[in-house]
Amino acid sequence: MTTTAPTFDTSNSLTDYDNPTTNRLRVVFAGTPEFAAISLKSLIKQQEALNIEIVAVYTQPDRKAGRGQKLSASAVKEVALAHDIAVEQPVTFKKSSAEGLAARQTLRTYQPDVMIVAAYGLILPIGVLETPTHGCLNIHASLLPRWRGAAPIHRALLAGDDETGITIMQMDKGLDTGDMLYKVSESISFDDTAASLHDKMAALGATAISTVLKDLAAYQAQAIAQDDSQANYAEKLVKTEGEVDWSQPAAAIERQIRGLTPWPGAYTFLAGQRVKVLASLPVNTSQQTNEPAGTVISVGRKAILVACGKESDAESSATTLAITHLQFAGGKPMTAEQVCHGNQLNDGDQFTSETK
């Protein structure tokens, strides 16, 4: 599928793209969600300063979204069209299909010097990776090789990492296995959620790719190979990961809440009804209990204290988690104080990890 900005005709011959008055680097940008759109916006603003020209943008085909299930353009497409940049939306680049062969030919007509890729969501075969003169660069939200794969931001939070960052990587045929051109780190705060860390990484990614493009040849000449032995796979999130297992230590559940906010969100069950666990306080290791896991110890105005599992088998007492925000089935998000003033939750109630 192809969409072009009103002033751009991709059917022209190759010479139509030539501009004898400039030696600007011809850039094709490939991305889909807001994470990528942030970098695209930044590059558009800096085209003259970076001596680049964004000649086309590649993004996923429009998807149905919302209650009306109307076709919705990606964040990247909206940015591109707002700046009269040609938009391409192929469904595949596989040479085994007519669509894939056509997509490859279209890419060649843009005569790209480099392709910038950020959360594109479409596999790029080796034939595509080798089309741009300087190859394809990926803006990856992890300090590679720490987290390779689809959900590096979430996995860093779930694992309790102290820091994460952005790696600008020279793409190869593997999954995030290419040589590293540039890395910049960012501390993970105690209150970071997947949403807040996403925004930090998006801004950091925009800065990082600009840094590399200022002297691309130098960064490529000093590329560093990844140590595969240090790699972990950041699997794509699934909804069921949000279900809280109260037998886990409080620290693990607290990371689960932050790492899955806003999607898919942490949840538990109370008397067979789903309850979303929206936020909690950092774990207080001095607050321990002998109550069974999932027991609501107290419903207070500042927090709802819930019994969790032990940190280790050697511990005599179990950990607790102080929840500050909940959402009951069919209701709106509530603070602990609002829950305290209601009658939907009481001391001694039992959260379960599955409907009963």
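1. Asn-51 is found in the loop between helix H2 (47-50) and strand E3 (52-58), where helices (H or I, at least four residues) and strands (E, at least two) are DSSP runs numbered from the N terminus. Its phi is near 60°, a positive value in a residue other than glycine. Asn-51 is partly exposed, with a relative accessible area of 38%; the terms used here are buried for under 20% relative accessible area, exposed for over 50%, and partly exposed in between (1.4 Å probe, protein chains only).

2. A word on the basis of these points: this is a predicted model, in which local features need pLDDT of at least 70 and side-chain atom pairs count only at pLDDT 80 or more, while totals for chains, interfaces and linings use all residues. Residues are numbered from 1 along each chain as its sequence is written, and side-chain values use heavy atoms, with hydrogens and water left out.

3. Ala-119 also has a positive phi, of about 50°, although it is not a glycine. Ala-119 lies in the loop between strand E7 (114-118) and helix H5 (126-129), and with a relative accessible area of 38% it is partly exposed. Asp-84, which follows helix H3, has a positive phi near 55°.

4. For the chain as a whole, the secondary structure comes to 10 helices and 20 strands, and the C-alpha atoms fill a box of roughly 75 × 45 × 40 Å, taken along the principal axes. Of the 356 residues in the chain, 47% are buried. Among contacts (heavy atoms within 4.5 Å) between residues at least 6 apart in sequence, 67% join residues at least 24 apart.

5. Two packed helices are described by the angle between their axes and the distance between the axes. The axes are lines fitted to C-alpha atoms, for helices over the stretch in contact, and the angles run from 0 to 180 degrees between N-to-C directions. Helix H1 (residues 34-45) and helix H7 (residues 194-214) pack at an angle of about 40°, with their axes 8 Å apart. H1 and H7 are therefore oblique to each other, given that angles under 35 degrees count as roughly parallel, over 145 as roughly antiparallel, 65 to 115 as roughly perpendicular and the rest as oblique.

6. Which residues of H1 meet H7? On the H1 side they are Phe-35, Ile-38, Ser-39, Ser-42 and Leu-43, and among their partners in H7 are His-198, Met-201, Gly-205, Ile-209 and Leu-213. The residues of this contact of H1 with H7 divide into 9 nonpolar, 5 polar and no charged, where Ala, Val, Leu, Ile, Met, Phe, Trp, Tyr, Cys and Pro count as nonpolar, Asp, Glu, Lys and Arg as charged, and the others, Gly among them, as polar.

7. H1 also packs with helix H3: the axes of H1 and H3 come within 8 Å and cross at roughly 20°, and the two helices are therefore roughly parallel to each other. The contact is made by Glu-34, Ala-36, Ala-37, Leu-40, Lys-41 and Ile-44 of H1 and by Ala-75, Val-76, Val-79 and Ala-80 of H3. The residues of the contact of H1 with H3 divide into 8 nonpolar, no polar and 2 charged. The buried residues of H3 (residues 75-82) are Ala-75, Val-76, Lys-77, Val-79 and Ala-80.

8. Is helix H9 (residues 250-259) largely enclosed or largely open? Because 7 of its 10 residues are buried, H9 is largely enclosed by the rest of the structure. What covers its buried residues includes helix H6 (152-158), H7, strand E13 (266-270), E14 and strand E18 (318-328). Among the buried residues of H9 are Glu-254 and Ile-257, and both are touched by Ser-280. Ser-280 is found in strand E14 (residues 273-280) and, at 17% relative accessibility, counts as buried.

9. The loop between H9 and E13 holds Pro-262 and Pro-264. A cis peptide bond joins Thr-261 and Pro-262, with omega about 15°, and the peptide bond from Trp-263 to Pro-264 is cis as well, with omega near 0°.

10. A search of the whole structure finds 4 aromatic pairs, where rings of Phe, Tyr and Trp (its six-membered ring) pair if their centres lie within 6.5 Å, with planes under 30 degrees apart counted as stacked, over 60 as edge-to-face and the rest as tilted. The rings of Tyr-267 and Phe-269 have their centres 6.0 Å apart and their planes at 90°, so the pair is edge-to-face. Tyr-267 is buried, with a relative accessible area of 7%, and Phe-269 is buried, with a relative accessible area of 8%.

How values were computed:
Lists of a residue's contacts leave out its neighbours within four places in sequence.
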